[in-house]
Amino acid sequence: MRLILLGPPGAGKGTQAQRLVERHGIPQLSTGDMLRAAVKAETEIGLKAKSVMDAGQLVSDEIVNQIVSERVDQADCANGFILDGYPRTVPQAQALNEILEGKDLALDAVIELKVDEAALMKRIEKRVADTKAAGGTVRADDNAESFGKRLEEYRAKTAPLSAYYEKTGQLRVIDGMAQMDAVTAEIEQIVGPARH
């Protein structure tokens, strides 16, 4: 089972990915984790990524694509994987297709969690207020302003992926504003029963 989860920040992708990991025994692959692992393992591509990051620059698509390619070859991905935060752009999606085709693999589904952005903003504001009321510390990036910026960036760069995957016939859209268990149930209908 090879899946991509799409959706803006705050849509609940992380929660749903964890549930899929537990039910289906497949890894969740996030770009950040893959990059850190490649750097730590000092693979050739990991060392390239490290020098770029050390220079304070963004890692190129070429490097990210290669890291993804190497990661899906690892044993724990034999039964599938969930890609989270990759692909971020249409060129990355095209590269992913080539990577998978070269390995005789294909995506099973691209699941997009559709959300109401205004309601998400309210959710964030409420979470911040609740955290403060409980005497907790609010993360520096956990505020309406930085969340708004992340939403804008998502709309500009990642939202075009919806149209791309819609054309390929792989896109499945789910109401991300529904109750968490209802979202999980809908995802399970798309991916089928647990296979292990």
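A helix, in the sense used here, is a run of at least four residues that DSSP labels H or I, and helices are numbered from the N terminus. With that in hand, let's walk through this structure, which is a predicted model.

Start with the sheet. Five strands make up an open sheet in the order β2-β3-β1-β4-β5, and the pairing is parallel. At the edges sit β2 (28-30) and β5 (171-175), each with pairing on one side only. If you compare neighbouring strands of this sheet, they are turned by 25° against each other on average, ignoring direction.

Strand β2 pairs with β3 (residues 81-84) in the parallel sense, and three bridges link the two. Take Gln28 as an example: its bridge partner in β3 is Ile82.

Next up is helix α2, which covers residues 31-41 and includes Thr31. Is Thr31 buried or exposed? Its relative accessible area is 13%, and since buried means under 20%, Thr31 counts as buried. Which residues does Thr31 touch, once neighbours within four places in sequence are set aside? They are Val64, Asp84, Gly85 and Tyr86.

Skip the residues up to four places away in sequence, and Leu35 is in contact with Ala49, Met53, Val59 and Ile67. For a sense of distance, look at Phe147: it lies 112 residues from Leu35 along the chain, and the C-alpha atoms of the two are 24 Å apart.

Note on methods
Residues numbered from 1 in each chain as written. Predicted model: local features only at pLDDT ≥ 70, side-chain atom pairs only at ≥ 80, totals over all residues. Heavy atoms only, no water. Pairing = 2+ DSSP bridges. Axes fitted to C-alpha atoms, helices over the stretch in contact; angles between N-to-C directions. Buried < 20%, exposed > 50% of the residue type's maximum accessible area, 1.4 Å probe, protein only. Contact = heavy atoms within 4.5 Å.
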